[in-house]
Amino acid sequence: MRYRNNENLYVGEVNGFGYAFIPGGKNGIVLLDLETKKLLDQMPERQPTDEKRIKLLYEKEIIRLETDPLRPTPILDAKKVSSIGIWLHLTNSCNLACPYCYIVNKGPNQHMPLSTAKVCLEKIEETVHKHQLKMVTIRLAGGEPTLYEDAVHFFVEEMKNRFSSKGVAAKCVLITNGTILNSKWCEFLSANSISVSLSLDGMGEWHNQTRFFSNGKGSFSSVMTGISNCKRYQIIPTILTTITEDNLPGIPALAKFLIDEGLPFRFNAFRNCRNNNTNYLNFIDALINALGQCYDYYAFAIREGKASFKHQLAEIHIDRRTHLRSCGMGHSGMAIDNTGKVFLCQAKMDAEPIGKLQDSSTLLEMAWNQNTIPDLRGKSVFDYEDCRHCQWAPICGGGCPIVNSVAHGMATKASPYCKLFKNMIPRLIELKALSLISKFSLERR
């Protein structure tokens with residue numbers, strides 16, 4: 001019997017260990033000794049003879065028999081949807097005036113009426129029942145949702161009553177700018193096990209120049225107070241950072257702070273260059289340099305035992321499953337605004353809605369039949385131009401379809417950030433491998 005490496009196998013070496021990773025594979029990153037790593041480098045010319053190695057590599061789907069059939073290309077199957085993710089735009093009101101915000105017509109007291117919130121929950125229940133879903137995730141967002149305390153409390157309590165108590169997994173996530181997270185809020189969030197995603201775009205003035213109050217005053221000190229309050233109540237917020245040309249130089253210092261504090265964080269790159277890939281590429285080159293500095297420090301901190309890998313870059317997922325799209329929008333996810341209209345995504349609430357809560361269609365049926373980006377309907381990354389044969393397609397999902405659509409005029413085309421993804425994915429895999437090595441080394445002591 002002859003063996004060969006499985007398709008898309010990526011092999012690396014760091015800190016005296018080898019590692020193997022198949023994007024979209026169910027086993028994630030697998031640590032190897034250097035002899036096994038060398039064997040994989042030389043496959044199929046050099047065939048394994050050690051039965052234990054053969055068994056391990058075959059079970060982990062790192063190698064396959066030459067006679068084994070290729071894995072079929074996965075498809076986006078609506079019948080297999082088992083969970084739903086909903087972005088709830090509870091209010092247009094916000095105490096900040098971020099220049100890159102996608103919310104239009106912001107104003108005070110533009111809240112979702114509680115009567116609409118009740119109809120919203122009834123529509124979610126109907127959707128869960130008809131499609132026999134096992135999990136519901138709602139993201140309580142705005143605007144700034146902490147300006148609308150009644151709605152947040154209402155949804156959190158109703159999620160328990162309508163879903164958790166009936167065996168459907170229910171998760172609430174608060175999407176906040178962090179400026180109003182006082183002790184009262186943190187006590188409520190902690191008591192109800194609410195996850196927190198909090199925006200921070202840099203340290204000091206790097207944050208303040210893009211995230212400021214309506215009077216022009218920077219919000220950094222208020223956000224830092226919010227983070228401190230979270231930590232006092234054992235809440236570990238996930239930090240969300242939007243990288244623009246304005247705050248790019250401050251990103252390495254921000255990353256160092258987040259890594260040192262042990263805070264999970266996600267970096268998203270903002271750019272809205274309609275049909276202008278030259279500007280994308282210029283921004284990407286600068287971003288690759290800045291992220292390289294971030295990840296150099298991350299690697300150092302992990303090696304020193306001061307950090308573990310808790311980071312996501314844009315739509316890249318270094319995990320144990322195939323991502324047929326970068327997110328669930330149009331398949332298992334959608335957004336609902338403060339008036340009860342349903343949209344493909346929170347970033348497309350300036351487009352025509354894909355439905356409303358009073359419609360007879362379920363939320364999933366609205367998503368599957370959306371006309372906001374028609375060329376996306378039923379398509380996965382393996383249908384995208386330039387993506388279907390890419391090694392990294394199952395972990396980036398082709399990038400954000402909205403960004404793709406703005407840049408190229410079509411969603412089913414490789415992300416304008418493709419160069420960034422291809423440069424950074426090997427770094428992210430190595431960081432995850434380093435973190436696994438650190439954990440393994442500690443367990444052996």
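This is a predicted model: local features need pLDDT of at least 70, side-chain atom pairs count only at pLDDT 80 or more; totals for chains, interfaces and linings use all residues.
Cys 98 is buried, its relative accessible area being 11%.

Cys 172 is likewise in no disulfide; its nearest cysteine sulfur is that of Cys 120, at a distance of 11 Å. Cys 172 is also buried, with a relative accessible area of 7%.

## The packing of helices H3 and H4

Helix H3 covers residues 114-131 and helix H4 covers residues 149-162. The two helices pack at an angle of about 30 degrees, and their axes are 11 Å apart. Because angles under 35 degrees count as roughly parallel, H3 is described as roughly parallel to H4. The crossing of H3 past H4 is right-handed.

The residues of H3 that meet H4 include Leu 114, Ala 117, Lys 118, Leu 121, Glu 122 and Glu 125. Cys 120, the residue whose sulfur is nearest to that of Cys 172 among the cysteines, also belongs to the H3 side of this contact. On the H4 side, the contact is formed by Asp 150, Ala 151, Phe 154, Phe 155, Glu 158, Met 159 and Arg 162. Sorted by class, the contact has eight nonpolar residues, six charged residues and no polar ones.

An α-helix has 3.6 residues a turn, so residues three or four places apart point the same way.

## Helix H12 and the glycine after it

Helix H12 spans residues 401-408. Its buried residues include Pro 401, Ile 402, Asn 404, Val 406 and Ala 407. Gly 409 follows H12 and has a positive phi, near 85 degrees.

## Backbone features in the loops

The peptide bond joining Met 43 and Pro 44 is cis, with omega about 0 degrees. Pro 44 is located in the loop between helix H1 (34-42) and helix H2 (51-59).

Asn 15 is not a glycine, yet its phi is positive, at about 55 degrees. This asparagine, Asn 15, sits in the loop between strand S2 (10-14) and strand S3 (17-21). Asn 15 is partly exposed, with a relative accessible area of 42%. Ser 193, another residue other than glycine, has a positive phi near 55 degrees. Ser 193 lies in the loop between helix H5 (183-191) and strand S9 (195-199), and is exposed, with a relative accessible area of 64%.

How values were computed
Residues are numbered from 1 along each chain as its sequence is written. Side-chain values use heavy atoms; hydrogens and water are left out. Buried means under 20% relative accessible area, exposed over 50%, partly exposed in between (1.4 Å probe, protein chains only). A disulfide is a pair of cysteine sulfur atoms within 2.5 Å. Axes are lines fitted to C-alpha atoms, for helices over the stretch in contact, and angles run from 0 to 180 degrees between N-to-C directions. Helices (H or I, at least four residues) and strands (E, at least two) are DSSP runs, numbered from the N terminus. Angles under 35 degrees count as roughly parallel, over 145 as roughly antiparallel, 65 to 115 as roughly perpendicular and the rest as oblique. A crossing is left-handed if the near helix is turned anticlockwise from the far one by less than a right angle, and right-handed if clockwise. Contact means heavy atoms within 4.5 Å. Ala, Val, Leu, Ile, Met, Phe, Trp, Tyr, Cys and Pro count as nonpolar, Asp, Glu, Lys and Arg as charged, and the others, Gly among them, as polar.
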